[in-house]
Structure formats: C-alpha cells, structure tokens
Amino acid sequence: MVRRTCVVDGDTIWLEGVKIRIADIDTPEISQPRCDYEYDLGIKARDRLVVLLNQGEFEAVTIGSRDEDQYGRKLRVLLRDGRSIGDQLVAEGLARTWSGRREPWC
C-alpha cells in the first residue's frame with residue numbers, strides 16, 4: 001500500500017506518494033516508544049505537525065548531499081516562507097534539532 005499524503009509521526013510524512021523524513025529534526029517515536037513519556041510527546045508532535053502543515057503551502061527541499069536515508073525515505077526540510085516547520089516543533093519543545101544520531105527521550 002502506498003499512502004498519498006499523510007503525517008506518519010512528528011518527523012515522517014507521505015507527500016503525494018513520496019515518503020519523507022524531515023531532515024532537520026528528531027521527534028519521539030510513537031511506533032516503538034521506550035516509555036510513556038516518549039509516546040505521549042510523540043503523539044503531541046505528530047498532531048502539531050498536522051496542524052502546521054495544514055496552515056498553508058510549504059515546500060520540501062533537500063539539504064546537503066544525501067537524498068535518502070537507509071530506509072529509502074527522502075530527506076527533506078519543510079519550509080514555509082523560508083522558515084523551517086521543524087524549527088517550530090523544536091521551539092515548542094516537541095522535537096530536537098537533528099544532531100546526526102538519535103538521542104533517548106526517556
């Protein structure tokens with residue numbers, strides 16, 4: 001099954017049939033959380049991303065030289081009016097700026 005357009009979690013979306021990993025942030029896991037706190041914060045991040053994306057047009061742009069991650073997801077930064085939507089999640093405490101590796105949430 002290929003999804004067309006939806007939010008999977010706080011840092012993964014499907015956009016017109018393409019699976020995208022938001023490259024500039026990391027959000028808590030909801031599919032395999034390590035604690036209740038991680039799950040609860042992950043749900044909040046996912047729900048907030050839905051609201052942010054539904055506020056209007058945005059673009060998905062590449063950064064750096066990597067096009068895809070090891071899971072085949074396109075690595076993109078989501079921008080609206082030149083500003084990162086991921087940065088908004090970071091500012092609200094629902095995400096971290098991506099450091100190049102996963103950090104624990106618990």
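**Salt bridges and overall architecture of the predicted chain**

The side chains of Arg 102 and Asp 26 meet in a salt bridge, with 2.4 Å from N to O, a salt bridge being a side-chain nitrogen of Lys or Arg within 4 Å of a carboxyl oxygen of Asp or Glu. Because Arg 102 lies in the segment after strand E8 (96-97) and Asp 26 in strand E4 (residues 25-26), the pair ties together parts that are 76 residues apart in sequence. Arg 102 is partly exposed, its relative accessible area being 41%, whereas Asp 26, at 2% relative accessibility, counts as buried; buried here means under 20% relative accessible area, exposed over 50%, and partly exposed in between, with a 1.4 Å probe and protein chains only.

The model is a predicted one, in which local features need pLDDT of at least 70 and side-chain atom pairs count only at pLDDT 80 or more, while totals for chains, interfaces and linings use all residues. Residues are numbered from 1 along each chain as its sequence is written, and side-chain values use heavy atoms, with hydrogens and water left out.

In total, the structure holds 11 salt bridges. One of them links Arg 21 with Asp 11, whose closest N and O atoms are 3.7 Å apart. Arg 21 lies in strand E3 (residues 18-22) and Asp 11 in the loop between strand E1 (6-9) and strand E2 (12-15), so this pair ties together parts that are 10 residues apart in sequence. Both Arg 21 and Asp 11 are buried. A further salt bridge is formed by Glu 92 and Arg 48, with the closest N and O atoms 2.7 Å apart. Since Glu 92 is placed in the loop between helix H2 (85-91) and E8, and Arg 48 in helix H1 (residues 36-53), parts that are 44 residues apart in sequence are tied together by this pair. Glu 92 is partly exposed, with a relative accessible area of 32%, and Arg 48 is likewise partly exposed, with 24%. Salt bridges that share partners join Asp 11, Arg 21, Asp 26, Glu 29 and Arg 102 into one network.

The secondary structure of the protein chain comes to two helices and eight strands, where helices (H or I, at least four residues) and strands (E, at least two) are DSSP runs numbered from the N terminus. From the N terminus on, the order of these elements is β-β-β-β-α-β-β-β-α-β. The radius of gyration, taken over C-alpha atoms, is compared with a globule rule of 2.2 Å times the number of residues to the power 0.38; for 106 residues a compact globule would have a radius near 13 Å, and the 13 Å of the protein chain agrees with this. Along the principal axes, the C-alpha atoms fill a box of roughly 30 × 30 × 30 Å. Buried residues make up 38% of the 106 residues.

Strand E6 (residues 74-80) contains Arg 80, which counts as buried at 17% relative accessibility. With neighbours within four places in sequence left aside, Arg 80 is in contact with Leu 52, Leu 53, Gln 55, Gly 56, Glu 57, Phe 58 and Ile 85, contact meaning heavy atoms within 4.5 Å. Arg 80 and Asp 69, by comparison, are 11 residues apart in sequence and 23 Å apart in space, C-alpha to C-alpha. Across the protein chain, 54% of the contacts between residues at least 6 apart in sequence join residues at least 24 apart.
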